[in-house]
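Look at the model below, then follow the questions.

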Amino acid sequence: MASSTLTGKLEADVDIKASPEQFHEMFAHKPHHVHHTCYDKIQGCDLHEGKWGKVGTIVHWSYVHDGKAKKAKEVVEAVDPDKNLITFRVIEGDLMEEYKSFVATILVSPKSEDSGSVVHWTLEYEKLHDGIADPETLLQLVQDISKDIDAHLIQAN
C-alpha cells in the first residue's frame with residue numbers, strides 16, 4: 001500500500017466563455033489542434049494508436065513545462081460526451097521519471113448562472129519517492145492552456 005505522502009490529488013476550476021461541448025471536442029476529438037491555441041505550451045499531439053475520442057486510444061504530447069521541452073504518451077481511459085469528460089493516463093514520458101502513476105481528468109460543465117462553462121481539472125498521481133514535489137506547476141500549466149483554448153474558441157465564433 002502506498003504511503004499517503006506519495007499519493008495525491010490536485011484540482012482546479014477554470015471559468016471559460018466557450019460551451020462545454022466546444023471545449024470537450026478539443027481534447028476528445030481534436031487534441032492535434034490544441035498546439036494551434038497555445039504553441040508556447042503545447043508543441044503537438046500525435047495519434048499513436050486508435051481513433052480520436054475513443055477509449056484505449058494512445059496519444060503522444062509534446063509540451064513545455066517549467067521552461068523545458070517534455071514528452072508524454074497517454075492512453076485515453078474514459079470519454080463521456082454527455083458529461084463532457086475525458087480521462088488520460090500517462091504511460092510513458094518525462095512524468096514517469098517522478099511519478100509511478102499520473103492521471104488527468106477534464107470535466108466541462110455549463111455555468112448555472114450565465115453563459116459559459118467551468119473546466120474542472122483533476123490530477124491524480126503517485127510519486128516515486130518523498131523528494132518529488134506535488135505537480136502544482138503542472139496544474140497551473142493546464143489552467144493556462146484552458147484559458148488559451150477558450151480564447152481560440154471564442155475568437156473562432
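Q: Which residues count as nonpolar, charged or polar?
A: Ala, Val, Leu, Ile, Met, Phe, Trp, Tyr, Cys and Pro count as nonpolar. Asp, Glu, Lys and Arg count as charged, and the others, Gly among them, as polar. In this structure, the lining of the largest cavity divides into 18 nonpolar, no polar and 1 charged.

Q: What kind of model is this?
A: This is a predicted model: local features need pLDDT of at least 70, side-chain atom pairs count only at pLDDT 80 or more, and totals for chains, interfaces and linings use all residues. Numbering runs from 1 along each chain as its sequence is written, and side-chain values use heavy atoms, with hydrogens and water left out.

Q: What is a cavity, and what is a pocket?
A: On a 1 Å grid over the protein atoms alone, a cavity is a set of points where a 1.4 Å probe fits but cannot get out. A pocket is an open set with protein on both sides within 12 Å along at least five of seven lines. Lining residues have an atom within 4 Å of a point. Here the search finds 1 cavity of 30 Å³ or more. Closest to its centre, of 19 lining residues, are I42, W61, E74, W121 and V142.

Q: How much space lies in the largest cavity?
A: A volume is the space filled by probe spheres set on grid points, joined across faces, edges and corners. For the largest cavity, that is about 300 Å³. The largest pocket has about 270 Å³. Of its 15 lining residues, H65, D66, K70, E98 and Y99 are closest to the centre.
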